[in-house]
Amino acid sequence: MSEHQSFLSSLKIRRGEVISLVGAGGKTSLMYRLAEEGRAIDWRVLVTTSTRILTPRPEQYDLLDLSGGILADKDSLPPGIYVAGVPDSDPAKMRGVAMELLYYHLNRFDLVLIEADGSAGKPLKGWQATEPVVPHFTSSTVGVLDIQTIGRTIDDSLVHRPGLFSLLTGGSEGDMVSLGHLLRVITQSEGLFKDSVGAEKLFINKVESRADQQQTDLLKTQIENVQVTAGSVQQGTIYGS
């Protein structure tokens, strides 16, 4: 593990990109980690969603705009983290801005991060036909996968829409999550990269023990045509760097 590896560089994210994050098991945490790293190198970073997310805490941003106008009243923006959206019917959450309007404002920011999928706070999910919601102007789709779900029981406390997850992976409720189940989440057409746009990049999260590393190594040997990065957002570490 490397304690100080940049997540931006590990994921090969460059200035000017639009990143859509999908999956479960750390999307929001990764999004704000990337935003913080962008701000640290004097980028103007926009954080938003194409679905809905928890309204961030004040320490997670420099400016929050829930008008739907994407900071239209600001002539210029200094480096920082800007969160834009509209209020949700749930007062703890926010919805995203209109994607057509976001497209018009892209050149105001050095990095745009879009949470494009929902998982109800659970570390695995099955996808409905309307999910995820990845904008057409996305440059990279980053899929997030929680390696520590291996060995846990498939049920509705672990999996958002366990019936759809079972159809996708072949696992039944009550089974233990296996490496094969996660591989099918990654590789099946109705799985993690369903409706992806741009480059497909996998981030395997919660690689925090030797056992996690071994499972990650096994998984990586079976994945093709997807850039794979692994680590722990919570610990701020990248595995294999």
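This is a predicted model: local features need pLDDT of at least 70, side-chain atom pairs count only at pLDDT 80 or more; totals for chains, interfaces and linings use all residues.
Trainee: Which residues of strand 10 are buried on one side, and which on the other?

Mentor: Residues are numbered from 1 along each chain as its sequence is written, and side-chain values use heavy atoms, leaving out hydrogens and water. Buried means under 20% relative accessible area, exposed over 50%, and partly exposed in between (1.4 Å probe, protein chains only); strands (E, at least two residues) and helices (H or I, at least four) are DSSP runs, numbered from the N terminus. Both faces of strand 10 are covered, with Ser140, Val142, Val144 and Asp146 on one side, and on the other Thr141, Gly143 and Leu145.

Trainee: How many bridges join strand 10 and strand 12?

Mentor: Two strands pair if DSSP finds at least two bridges between them. Within this pairing, Val144 stands opposite Phe203 in strand 12. The two strands run in the parallel sense, and their bridges number seven.

Trainee: Is Leu192 buried or exposed?

Mentor: Leu192 sits in the loop between helix 5 and strand 12. Its contacts (heavy atoms within 4.5 Å) include Trp127, Gly143 and Leu202, not counting residues up to four places away in sequence. With a relative accessible area of 1%, Leu192 is buried.

Trainee: What separates the C-alpha atoms of Leu192 and Gly126?

Mentor: Along the chain, Leu192 and Gly126 are 66 residues apart.
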